[in-house]
Structures are given as C-alpha cells and as structure tokens.
There are 2 protein chains.
Amino acid sequence: MAGDVRVGIVGATGAVGMEMLRVLEARRYRLGAIRLFASARSAGRRVKFAGEELVIEELKKGVFQGLDIVLFSAGGGTSPEYAPDAVAAGAVVIDNSSAFRMKDDVPLVVPEINAGDCFGHRGIIANPNCSTIITLMALAPLHRTFGLRRVIASTYQAVSGSGAMAIEELKRQVGQVSSGEAVTREVYPHQIAFNVIPHVDQFLESGYTKEEMKMENEGRKILHHPSLRVSCTCVRVPVYRAHSISVVAEFEKAVDVAGARAAIDAFSGVEMKDDPATLTYPMPLDIAGMDDCFVGRLRRDCAFENGLSFWVVGDQLLKGAALNAVQIAEVLQRGR
Amino acid sequence: MAGDVRVGIVGATGAVGMEMLRVLEARRYRLGAIRLFASARSAGRRVKFAGEELVIEELKKGVFQGLDIVLFSAGGGTSPEYAPDAVAAGAVVIDNSSAFRMKDDVPLVVPEINAGDCFGHRGIIANPNCSTIITLMALAPLHRTFGLRRVIASTYQAVSGSGAMAIEELKRQVGQVSSGEAVTREVYPHQIAFNVIPHVDQFLESGYTKEEMKMENEGRKILHHPSLRVSCTCVRVPVYRAHSISVVAEFEKAVDVAGARAAIDAFSGVEMKDDPATLTYPMPLDIAGMDDCFVGRLRRDCAFENGLSFWVVGDQLLKGAALNAVQIAEVLQRGR
C-alpha cells in the first residue's frame, strides 16, 4: 500500500469516529482521499478536516469503491453488515467492533506489540477492546522480560467508553443531584453520578461479562500466549474520559521493580509516571487526551512470589480505539 | 460488664463519632450514661440523643472517671494520648484509629468473625480498618468453607472515609467544574471530582500504602491466619458514601459458587445481592446507610483453579467503623 492512501471512516459522527479524524490530521497521515460515512440521519452534515470541509455520506452498500482502507467504528451491528462490502470493493477494513476480533483469519493488533500480525489479514484487521489495549501496553514489555503467567485486573472505566450520550448522562445526573431533582437514566441501568457500577457489557453464563472476558481472550491472541490466565472485573466510574486499570501480574521468572521499570521505559507508547515521594501517579483527569498510556504504583506484589502490581491509565478513545486503529493503518501504509 | 453501661465517645462531632451516637440509639444499647468528648473548639455544642440534649465536653486528661466503655474515633494522634488515661480510669477503650491494631495485647475484632478475641483485652480493643472489615465480612464465611490462601483486592473508596471535609470537597469541586471555575483542593492532593486517585493513606518504602497493607496485616490477625497473602490497591473514587471492593480469592479446597453463596447467606451481617439476569449487584449509592455488607458478581474465577471473584460493598461509616465499634461494646455488655 505504497504512496498516499484513500481512507474511509464508517461511524464518523460517533465519539471514536471523530477522534479517528483528529488523529489522522494530527499524525499527518499521508491521505490520497478521505470519505466519511454515517447513518442517513447524519448524512449531509459538514465536518472540518485539515482546513477543508468534508460532507458526511450516507452509509450504503456499494459506497466503498476506490478506497484502500476503511476504518469502522459504528457498533457491533454495522460492521458484520458492511465490512464484507468494503472488502469486496478492494479495501482493507480496520474494525473497532468486537464482531471479528476472535476469528482465526482476522489479525487482532496493537502495533507496538504485534504489528507483524497485520500482514496475515484477509481483508479485515480488528482493533482490540479499549481496556485490553491499555492493560497490554503495560503488560507486553513485562511479558517479554519476565514471562507472563497470570493477570488479575479491576477496571475503572470512564463513561465516554459508552459514547457521547453517556457523557451527557453523567453531566445531566450531576445537575439533577445538585438541584435535588429526580435522576433520570437513559444509557446506564443505574445512576452513574456519585456511584460506581460493577457491570460493563452483557453478562455471560459464567457470571463474567463479555467485556471482562475480552481481556483474557484478546490478550492471549495479541500476546501469542494461549495459556495466559486472566481474571478481570470491569467497573464503570463517574469519570468523563480515560480508563484506569489496577493490575496484579504473576510471572514465570523472578521479577525486580528496576527491571520492570526499564522494560516499560524502553517500550514505545507507554511511559512511567510513578513517584510516590511527590504523589505522582497517573490519573484519568491528567491522561485524557494523551496518546501514550501511563504506568504508576509499580511495586513488587505481596500475594505472589514472582508478582508485580501496578496501575495503568490510558485515553480509551485514543490508544484504546481511534489512535490504535490509525496506527494499524500506518503499519499497512509503511508495509513490511 | 452486666447491666447498663456508661459509655463515652471521643471525637463525637466527627463523621464516625456522630454515627456511633446514632447506632447506639438505633440499636437501643442499654446505656447507664452517655458522655461526649471533642476538642475545645466543639465543647459546649449540644447534640440530640434519644429525646434528650447532650452537651459536648472538652477532651482532657482525667475526664473518664465513672465510664465503663469509651469509644475513640478521633484520629491517630488522639488515641495514643488519651486512651491510656481512659484505661487507667477503669474503662475499656474501643479504638477506631490504627494506633493499637497490630499490638499483641490488643484484640482486633469484627464481632461476627472473632468476637471471642474481645475477652483477651488489657483495656484496649481495636476496631479494624474500614475496607478490611467490609472485605472480611465476605471472605470469612468463604475461608471457613474453603480455606483462604491468597487475596487480590482493588478498592473503590468513598470520600466520606476521609471525613466530613472530604464530602464538602467533592461537592465544592463538582460545582466548580460545572460553573467553569478553577478547582480548589484542601483534603486530597489531586482533584477528586470526575477523577479517581490511586492513593489512600501514606506511602511505604515497598510502594504499597499503609491503607493497602492493613488488609493483609489486619486480615491475618482477625482471621487467625498468619500465612494469608493479600495484595491490595486502594483507590479513592468520587462517591459520597460506602466503599466497594473487587476481590479475587484463591482457596485451599475446590470451590463451588452454590457453596460459596450458601456460606455467605448463612453468615450474619453479610447478604448476597447478586442476580445478573435482573442487573442486580450492590452499588455504593444503594448500600449507603445500611448495616449489612452486600456481595454480588460472585463467580468461579478464571485465573485460579480454586478461585472465586466477587464484589462487596459496605457503608464504611457503619459496618466499617461506628457499627462495628458498637457491636464490640455489645459483646462486652453481653459477656462471654
């Protein structure tokens, strides 16, 4: 895919779609053309991009002719319906939904970790789950150094992970609580303002949610580590943007904090922000809007002989979604 | 300590002290007398109790004569200074600070778990850390059933755990964010509104905080299980009241969810609130103000062969502090 690339975005008016556009502009992706698609409701809207105005087109079958890459971020229903159409038109699909992630012939890629997997695609490359990407950005360098055996993670997930309407819901509920009005709910089944909800995505028979199992299933695929064991608990918190994850990891080899810190420092896309003496640790309020993931509270774990505990924060709309998808597009443009 | 008991409360104007008074009244504790103590600043204030008005007395040496039990909830500095004076005056001290908890001759008691330890006291009985109590209320019945080996916990702690000023801080910051004003900080080192702070209590050399180590140290003492391994990460969240804890526990014996649920159901002071089909799980907003602790999201753990995952929520001012202290006073009144 040498030279300038003709890119389409499906779901361009959503929280992630808009970030994709910003990321393409900020990273000066070498575009041959850019076209935006959304539902009929949004078609005709104009969007600024690199000093020009783009008009949103209605998503329909047959619109993808002439595109090299189509970034999909339009929910689980849209991708299975339209991605094959884009592939048939000759484009490579980079899909942000969970629809294709676990299919054998679909690479699941975090470019800093397994960029090489991109080249095994058969038309579709999947973008992983947001909490999984952020957690793996810290775990991957530790896995290379010490050999990962087991992960226990608890998440603190921001409302923007549920889209723009969830941001409005938190704002509205905070106002309702302040003024003593009855709190109304549209996005979440329970009040999120001044509360935490231990429930993200649908429940499975096992008692885990789909979101929780993504960290094990997608983590195994991305790290090429089929025996990895992951237990995850996903919790929504009243934060607007950036997900935080509390992680305990057990390793095959003896661990040391200095070695762990050096491994993370040397890994692209993740940084240490960790100095207890100055009360420095990553928090969602500081990390929102940043490309990199940040690790703090790194320490030798109390519960495992070869264990490390840490806290990792990343912007789930950027590295957890839009940025990672654009980075995959960059890998395709660069080639092997 | 048969018959009516003469009780004093030190720190009666604090968030926990006020709850102690309410709990004594609500549980119809058989009082022979009640006296309230606070700093000179609060002395003379009047407080309603069981239809009467009580006048707050200034805390000074020599004020404890004639009291049978003195409940201390006045921070780490006050207890070491005044508790010995109360003991010398013939009272039993039930202390909510961390000052005496790990001393060999001081029982550390959660009455549902180790009430018998109360009777080994030498004048002082310690009330455990709030997150520790709430987590152990779920773990104790599971430990009796399956034999606890290892615990990994991440907390979601409400601001009222830091006292009444922290409640005001969250309220004030939410208003400041809403109106676009600069956010001011007095209690926490970072903004708590619309943020999470992975830091509760002071940092230790190991990289853990004091609060985090309480769950291992106090857990071992309360459960009489010196080899228990606990790794805890404590996080402050923008919730007013009730702490939540995400727990993964590994056991010696094979586990089953039905047996775990039965063990928790049969244990006093903790209840199951767990039905994924109806999106039922405990949340701090629902549990605030309740005496019992509530367990949800109970499931066979993915990461351990003999593991269980769950989510437990409790009101940290009640079972996590005031209620537990009054329950200890009830054990003393009842006797062996």
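The model is predicted.

The contact between the chains involves 49 residues of chain B and 49 residues of chain A. On the side of chain B that touches chain A, the elements giving two or more residues are listed below.

| Element of chain B | Residues |
|---|---|
| β9 | 148-156 |
| α5 | 164-178 |
| β10 | 229-233 |
| β11 | 243-251 |
| α8 | 284-287 |
| β13 | 293-300 |
| β14 | 307-314 |

By residue class, this side of chain B consists of 28 nonpolar, 14 polar and 7 charged residues.

Two copies of a chain are related by a rotation about an axis together with a shift along it. Here, chain B is superposed on chain A by a rotation of 180° with a shift of 0.0 Å along the axis, at an RMSD of 0.0 Å. The two copies are therefore related as by a two-fold rotation axis.

Within chain A, M20(A) lies in helix α1, which spans residues 15-26. M20(A) has 29 C-beta neighbours inside 10 Å; a residue is buried at 20 or more, so M20(A) counts as buried. Leaving aside residues up to four places away in sequence, M20(A) touches I9(A), L71(A), S73(A), A322(A), A325(A) and V326(A). L317(A) is 297 residues from M20(A) along the chain, and the C-alpha atoms of these two residues are separated by 8.9 Å.

Technical notes
Residues numbered from 1 in each chain as written. Chains lettered and ligands numbered in written order. Predicted model: local features only at pLDDT ≥ 70, side-chain atom pairs only at ≥ 80, totals over all residues. Contact = placed C-beta atoms within 7 Å. Helix = DSSP H or I, 4+ residues; strand = E, 2+ residues; numbered from the N terminus. Nonpolar A, V, L, I, M, F, W, Y, C, P; charged D, E, K, R; others polar. Least-squares fit on C-alpha atoms with pLDDT ≥ 70 in both. Buried ≥ 20, exposed ≤ 12 C-beta atoms within 10 Å, placed from the backbone.
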